[in-house]
Amino acid sequence: MIVVENVHKRYMTDHGFGHWVLKGVSFTIPPKLNVGLIGANGAGKSTLLSIIGGVDQPNKGRVERLCRVSWPMGFGGGLQGTLTGRQNAKFVCRIHGFEADLQDRLRSIQNFAQIGAAFDQPVKTYSSGMRSRLQFALSLAFDFDVYISDEVTAAGDAAFRKKAAAAFKDLADHASLIMVSHDETTLKQFCSAGIWIKDGKAHWFDQIDDALKAYKEDQNS
Amino acid sequence: MLLIGTCMRMENSLHHPRSSASITLSVWKALFLREALSRFFSSRGAWFWLLIDPVFHVAYLMVVFTMMRVSNVGGIDIATWIMIGLLAFFMFRVTATQVTNSISANLALFAYRQVKPVDTALVRAALEGVLMVAVTLILLTGAALFGHSVVPSDPLAVLEAFFGLWLAGIGFGLIASVANGLIRELGKIIHLIMMPLYIISGVMFPISAVPEPYQSWLLLNPVAHGLEAARLGFVPNYHSVPDLSMGFLYGFALVSIFLGLALHRRFALRLISL
């Protein structure tokens, strides 16, 4: 269960504080529920995800994670460019406390990512598709209760996307997801509930279809 | 220090809840290995430059002093004087700059909530300490092969001086890393301060030869005290500055480390989100 209570967030800009990205967001995500976050670009979806993931902190309000929550999986983050894929993977295993079965986990990460010899090359030499393959494989290597995903399914070539979707589906069966996506079919496929973010407020919908409808109606008006 | 690094962690581990301390320890271990790797192998022959940098400095100053026909300073062999002074100075400067840059070099890793900025700073400080000890030992061995006397007469005093410089480097780096992260212009000012530090710390000339009142001014710099103390520890008959004070160096180190940790505690979140 994740409890988000009255979360406010604004960022520091070059000219002092920026506007409030989130103004008083509250909701509770019960266990075993997949939630899709929708909203226009810049509405604060990714901000909310990183606050839920514990990477960023709200200026006001609080977030309680009463379960094992993944880091926000998504573009770019979490990979150190100067290190190889293997070294990055080792690092992530170590900070999560998996020292004993490190080799097994490395093998499964390598097998899923399927980036061949590039696994032992610095990540900065990777193409964006290879990066997301590695990121996705990394996140699958641990059993979290809740996975936080920022458009991860949209990465890679067709073959990998198919594989990722299958793995994601499998994941969605035994763990819950909080995901951001602009792809309606992805959202409908994985999520049952939806949160629509508009003007710094979050609106909860028990059905993702209703959330998408509200979002679209608002855009058209 | 442990507390500051961990008190913001509310973490449920994957199989059994890990304590804050055990999370911190595994983060430190992972970071240490990650930092060591990039220090040794980030560029071609990085480990070679690690060693060649101080060697080159010593050789360069030796050539300059030989041309000026200076063979001893303050009653001790010029080679020993330069080498000890430089190594002691690097102990401070390398630690300080590496810790200062620790946050910007690890930005990608803050995607994991287990990793805090202060972790990267402290781990880098530990790594640099280990590396500088190794570099110092290698250089002294090299000098011994050339027939210089490199066995300190008071090893504890030398260790005390190097350790104090290391701590001062950590304190300086901790404060500078936060300052750098919050206000980018401060980074440039810190860089400006670091440049003349090489000269005013008495690496190239003996501070004891500077007339008053300027000598007292130079001795406001804690690093100068560390350098003189290290030389005095090697050769007891070295004519060091009369007002040499280890208390001043350690006082500076402890106050700056405390201030640095407090700044990290206060601004940790701002450092990551920038």
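How far is the sulfur of Cys191(A) from the closest cysteine sulfur?

## Cysteines of chain A

The sulfur of Cys191(A) is 16 Å from the closest cysteine sulfur, in Cys67(A), which is too far for a bond. Across all chains, a search of the whole structure finds 0 disulfides (a disulfide is a pair of cysteine sulfur atoms within 2.5 Å).

Both cysteines are buried. Cys67(A) has a relative accessible area of 10%. Cys191(A) has 6%. Buried means under 20% relative accessible area, exposed over 50%, and partly exposed in between, using a 1.4 Å probe and protein chains only.

## Basis of the model

This is a predicted model: local features need pLDDT of at least 70, side-chain atom pairs count only at pLDDT 80 or more, and totals for chains, interfaces and linings use all residues. Residues are numbered from 1 along each chain as its sequence is written, chains are lettered from A and ligands numbered from 1 in the order written, and side-chain values use heavy atoms, without hydrogens and water.

## Helices 4 and 7 of chain B

Helix 4 (residues 78-100) and helix 7 (residues 155-182) of chain B have axes that come within 7 Å and cross at roughly 30°. Axes are lines fitted to C-alpha atoms, over the stretch in contact, and angles run from 0 to 180 degrees between N-to-C directions. Helices are DSSP runs (H or I, at least four residues), numbered from the N terminus.

Contact means heavy atoms within 4.5 Å. Helix 4 of chain B contributes residues including Leu87(B), Met91(B) and Phe92(B), and helix 7 of chain B contributes residues including Phe162(B), Trp166(B) and Gly169(B). The contact residues divide into 15 nonpolar, 6 polar and no charged. Here Ala, Val, Leu, Ile, Met, Phe, Trp, Tyr, Cys and Pro count as nonpolar, Asp, Glu, Lys and Arg as charged, and the others, Gly among them, as polar.

Definitions and conventions:
Helices (H or I, at least four residues) and strands (E, at least two) are DSSP runs, numbered from the N terminus.
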